[in-house]
Amino acid sequence: MIKTEPAIKARDLAASYGGHAVWRHADFSIEPGSFTAILGPNGGGKSTLIRMILGLLPPSHGQLQVLGERPHRGNPLIGYIPQRSTFDPELSIRGRDFVNLGVDGHRWGVRLPGRAAAGAAAASIRSVGAESYADRPIGRLSGGEQQRLLLAQALVGNPQLLLMDEPLSQLDVRNQSVIVQLIGDLKRARELTVLLIAHDVNPLLPHIDHVVYVAHGNLAMGTPEEIITSESLSRIYSTPVEVLKDSRGRVFVVGLEEEVSHPHG
Amino acid sequence: MGEIFATITNTSPQLSWNVFEDIAALFHYEFMVHAFEAGTTVAVAAGAIGYFVVLRSSSFAAHALSHIGFAGATGAVVLGLNPIFGLLAFTLGSGIAIGGLGNRLRGRDVTIGIVLAWTLGLGVLFISLYTGYATEAYALLFGEILGISSADVVVTIVAGVVTVVALLAIYRPLLFASVDEDLAAAKGVPVTPLSIAFMAILAVAVTEAVQVVGVLLIFALIVTPAAIAVRFTSRPSIAILTGIVLALLFTWLGLAIAYYSPHPVSFFITSLAFFTYVGVRISEPLRSRVGRRFAIAQAAG
């Protein structure tokens, strides 16, 4: 019953921030168990969409349904990885303690010993393959290792929906494809719906079902083949943009440097 | 009380070869018993909240609270009130304001610095309005734990219990919000009220600590023990306990040394804290080299 309903459904949705419209007239629905990349220039409102799904920002217009409910903060069915550069190297807290906070960090008081929290955290750390460094200070780990622990934290309550704000931005190319592969595997194993904000669509192309493009106050959704074309991106940006493909199927968007370096509110 | 203190500091007690007798002598006078009671309470509260001050990088805010509190304390003296209540009122008020502004205050060191300089100036004015100001100002700025009254000991113990109980009550969400505020907010943690609550608890802890080390030396008890603790362990609960133990050691040893010397307690507490921190930092490359050699040996064997 729930499976046939979309995981996320937006009708004539609009977002505004500090009185300024970020984007409007957004209509889309995301089916359960799908993998969607959110793309677009900086400042276009990609994170705004994620914050709205999390219930941190109310829609300025229209309707939004998340897992059959109106968005609300602290929804245990949603796992989240916020946008961040990396952890402060001086942050003296173990990866395991960080994952533990995903289990019961929102509860008052102190954790009583012998509770199930430690077991849930350990299982989640195992599922992302982070056991060997989970007891080291998280600030001292590599970007890829930190990203795995962030994933362990997001998955700890067995969520249905996984939201990630630029999880690949601090990783090198090899680590990007390793983490995307891991996300893809976890998605299949746990039947997760995944939304991921990215700058570069290429490491994601083998895995994603849909693309949501957020730019110029508009929000367009479709398959990568539909959206990442010269015609469609030129329409979204209302300026001539060319999409090139190399021999290995990687796509390159040409003519957008201006847009990226001068972000639009 | 002040006269007893004066006679004792003029002719410091002599150390004997009997350690037990020397320790027993520390508790011979009532003023030393009071000092140990208040010092112990303050060390526990300061050591505990210090972990979060270090984790949230809010040591400057702690410093600012104590300076703003100085104006409150001296103002209370002018009005003929107990300075501790003026101190508490001002640190609480400014703590709640700083906590409410939250992220908007990040990187506003200059603004905070300007406000705290002005409040110190205000404190100087209040002090000058009060006759016999010198000792009072000295006590507030540098601490006067040897002159603490039994009424102040009671106030300190109550404030200490409030600090620790409040910290325990908000421990998990505060830790969550301190490590990753965005994530904590998404998980339903009320981050802004929590930040206000934290600063209010910090205000109470600062008010207590001012009695031991004074407004200007607050760092030694609130920041240094926790800063040392996080270099030894990355487990939050152990880091907090280590911070408390270090704050207790600095306070107890400082009191004991000061009893047998003509110099002020604050000097010994801050020096113990300082040299422990320096020692830990210096020994760090050494320890990590030994650790690495051990790891290589293990991998090879």
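In what order do the three strands of the open sheet in chain A stand? In this predicted model, the order is 2-1-4, and the pairing between the strands is antiparallel. From one strand to the next, the twist averages 30°. Strand 1 (residues 8–17) of chain A is joined to strand 4 of chain A by five bridges, the two running antiparallel, and within strand 4 of chain A it is A:Val66 that stands opposite A:Ile8. Helix 1 (residues 46–53) of chain A packs on this sheet and touches strand 1, strand 2 and strand 4 of chain A, its direction making about 120° with that of strand 1 of chain A.

A further set of pairings in chain A involves strand 8 (residues 210–215), which is mostly covered, six of its six residues being buried. A:His210, A:Val212 and A:Val214 point one way from strand 8 of chain A, whereas A:Val211, A:Tyr213 and A:Ala215 point the other way, and all of these residues are buried. Strand 8 of chain A pairs in the parallel sense with strand 3 (residues 35–39) of chain A over four bridges, and A:Val211 in strand 8 of chain A has A:Ala37 opposite. With strand 9 (residues 218–222) of chain A, strand 8 of chain A is joined by five bridges and runs antiparallel; here A:Val211 stands opposite A:Gly222. Strand 8 and strand 9 of chain A form a hairpin with two residues between them.

Most residues other than glycine have a negative phi. A:His216, which lies in the loop between strand 8 and strand 9 of chain A, has instead a positive phi near 55°, and this residue counts as partly exposed, with 18 C-beta neighbours inside 10 Å. A positive value, near 50°, is also found for phi of A:Asn158, a residue placed in the loop between helix 4 (143–155) and strand 6 (161–165) of chain A. A:Asn158 is partly exposed, with 13 other C-beta atoms within 10 Å.

In chain B, helix 6 (residues 109–129) has 21 residues and reaches 30 Å from its first C-alpha to its last, close to the 30 Å expected at 1.5 Å a residue. The buried residues of helix 6 of chain B are B:Leu116, B:Thr119, B:Gly123, B:Phe126 and B:Ile127; these cover an arc of only 95° around the axis, which puts them on the same side of helix 6 of chain B. The face turned away from this buried side carries the exposed residues of helix 6 of chain B, namely B:Val110, B:Thr111, B:Ile114, B:Ala117, B:Gly121, B:Leu125 and B:Ser128.

The contact between the chains takes 23 residues from chain B and 21 residues from chain A. On the side of chain B that touches chain A, at least two residues each are supplied by helix 8 (150–169), helix 9 (171–179), helix 10 (181–186) and helix 14 (236–259) of chain B, and helix 9 of chain B gives the most, with six residues. By class, this side of chain B has 16 nonpolar, two polar and five charged residues.

Notes. Residues are numbered from 1 along each chain as its sequence is written. Chains are lettered from A and ligands numbered from 1 in the order in which they are written. This is a predicted model: local features need pLDDT of at least 70, side-chain atom pairs count only at pLDDT 80 or more; totals for chains, interfaces and linings use all residues. Two strands pair if DSSP finds at least two bridges between them. Axes are lines fitted to C-alpha atoms, for helices over the stretch in contact, and angles run from 0 to 180 degrees between N-to-C directions. Two residues are in contact if their C-beta atoms, placed from the backbone, lie within 7 Å. The expected span of a helix is 1.5 Å times one less than its number of residues. A residue is buried if 20 or more other C-beta atoms lie within 10 Å of its own, exposed if 12 or fewer, and partly exposed in between; C-beta atoms are placed from the backbone. The arc is that of the directions from the helix axis to the C-beta atoms. Ala, Val, Leu, Ile, Met, Phe, Trp, Tyr, Cys and Pro count as nonpolar, Asp, Glu, Lys and Arg as charged, and the others, Gly among them, as polar.
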